[in-house]
Every structure is written in structure tokens, then in C-alpha cells.
Amino acid sequence: MNGHPVLMCMTRMSTLPVDEPITISPMRAFPIMRDLVTDVSYNFEVAKLIPAFRPRPRDPDGLYRMAQVDIDRGQEFHKCIECFLCQNICHVIRDHEENKPRYAGPRFLVRLAELEMHPLDTLDRRDYIRRDMGIGYCNITKCCTEVCPEDIHITDNAIIPLKERLVDAHYDPIAWIGRKITRRPAPLPASEARKHTGAAHAQPGPGGPDPGAASGSPGSPGPGSSDRPATPPGPADDTGSAAPGPGNGA
Ligand code: SF4
Ligand code: SF4
């Protein structure tokens, strides 16, 4: 409304100038079908590529036990209403149609953070997030956070922690040694994670490691990074990173 990405249903008339016209425009990041209606099927195609929640077995008494702090960490992400305002404002996909096959967008990085931080989940999606979800394309401008009507801190609480986890997995030798010493069980790697997507008819993609993708700092992704193909990736695409770590079977 008036050039600002907002929910019309939640915008009070009292917040709009009474002596000026009100302009309502369709979302810009998606193809217009008619009037204000846009084709947001891109979002649903990405949603089908997210490896689903896979919990560990229950405790011997049949219960799950989680620390409250771990539950609290992901609680914020559950507030998402999938309005796609963040997808619409993200310049990576709004201004570059060609990036859509390579970048999931903020809404789906929130979803991936929710899964990765879930205390019961057993899949390791880090390699998948780096290469196939294209997290390196995000340069932390925080535009998505500013427009989120649910006040989800998309960049600070979802994207940046995900980037930090990627750095831990691939580039932090001290963290790797620490995991070896504590003998933490390795979560299922990305190759296994892909089997849990809706991608039944996967096609192999170019793939390839991208240090910039997991830099944790603003920066542009390198060519060949985050090469999520337009069609879902297949098991043959699991080239992964050569760096040691529990996520890649070291
Ligand atoms: S912070 Fe990242 S996801 Fe959010 S709008 Fe900017 S580039 Fe897009
Ligand atoms: S993260 Fe916020 S802006 Fe993005 S889809 Fe969810 S509720 Fe909407």
C-alpha cells in the first residue's frame, strides 16, 4: 500500500494520510496474473524441497524430553503466516528473476532454521542449505526483517545463525576437534536429507562448494555457489564439501 509492503487486512485506515490517494499494488517479486493477483507458485515449489522434520526415537518411557531453552529458540519461527512479504521485498529474487532457481528466499531460510534448531530433529541440512538453498545469496540487508508482520527477526535469529552453523561445519577446525573429542553422534547428512523432500523425481545439478555462502558476513556469492537447480536435486548431486565434519561423514 502506497509503495510499502504491508498486509492490507492489518493496516488501519487511521495510519494512512486522509488527504492523499491510497495506492494498492500487487507484489513485485512474482508474476502478475490479473489485477492484484500474483502467481506465488515459486514459493510452493521451494517449500516442497525442504527436507521434512525427522525426530529421534522416543525415550524408553515413550516420551520426548527437550530443554526449555531449545524450545524457546525456535518458537519465534512458528509465528510465520506465510504471507510472503519477506519473499517479495528480498532484492535477491525481486530484482533478479534468474536467482529464483538458486535461492530459497527468507521465508524458507526461516523454515530451515526452525528445523535445524529443533532439539528432536536428526537431519543435518547444513550442506543442503549452503548449496541447494543458496543461503550465500543473502547479504544481510535485513529488508525482510523490517517488513515481517509477525516481527520475526529473520536475519538475526534465522539466517545469521544458519550461516554460523555452516561455518562450524565446514571451516572451523576447533569445533571439528571438539566434536571428535565429545564424540557427538553425527546427524544424517544432506544426501540423506534430500530423501525426505518432496523431490521424488530429482535431477542432478551442478552444485559445488562456495566459501562465501557460509561466510556469516555480507558478501556476494560466487559463481556456481548455491546452485539449487530449477528441478529438485538428486542423490547423484551429493558432491558435498571436502572439509571434515560430522555432517559429511568424516
Ligand atoms: S537479509 Fe537476506 S533474505 Fe533478507 S531481504 Fe536481505 S538479502 Fe533477502
Ligand atoms: S517470515 Fe514474516 S514476512 Fe516472511 S512469510 Fe513469514 S510472516 Fe510473512
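Predicted model: local features only at pLDDT ≥ 70, side-chain atom pairs only at ≥ 80, totals over all residues.
Ligand 1 is surrounded by 14 residues, and ligand 2 by 16 residues. The helix pair is α5 and α8, whose axes come within 9 Å.

**Ligand 1**
- With 3 residues, α8 gives the most to the shell around ligand 1.
- Sorted by class, the shell holds 10 nonpolar, 3 polar and 1 charged residues.

**Ligand 2**
- Around ligand 2, the closest residues are Cys 80, Cys 83, Leu 85, Cys 86 and Cys 148.
- At least two residues each are supplied to this shell by α3 (85–89) and α5 (106–116).
- The largest share, 3 residues, comes from α5.
- The shell around ligand 2 has 13 nonpolar and 3 charged residues, and no polar ones.

**The α5 and α8 crossing**
- The axes of α5 and α8 cross at roughly 65°, and the crossing is left-handed.
- On the α5 side, the contact is made by Pro 106, Leu 109, Val 110, Leu 112, Ala 113 and Glu 116.
- On the α8 side, Ile 154, Ala 158, Ile 159, Pro 161, Leu 162 and Arg 165 take part.
- The residues of this contact divide into 10 nonpolar and 2 charged, with no polar ones.

Notes. Residues numbered from 1 in each chain as written. Chains lettered and ligands numbered in written order. Near = placed C-beta within 6 Å. Helix = DSSP H or I, 4+ residues; strand = E, 2+ residues; numbered from the N terminus. Nonpolar A, V, L, I, M, F, W, Y, C, P; charged D, E, K, R; others polar. Axes fitted to C-alpha atoms, helices over the stretch in contact; angles between N-to-C directions. Left-handed = near helix turned anticlockwise from the far one by under 90°. Contact = placed C-beta atoms within 7 Å.
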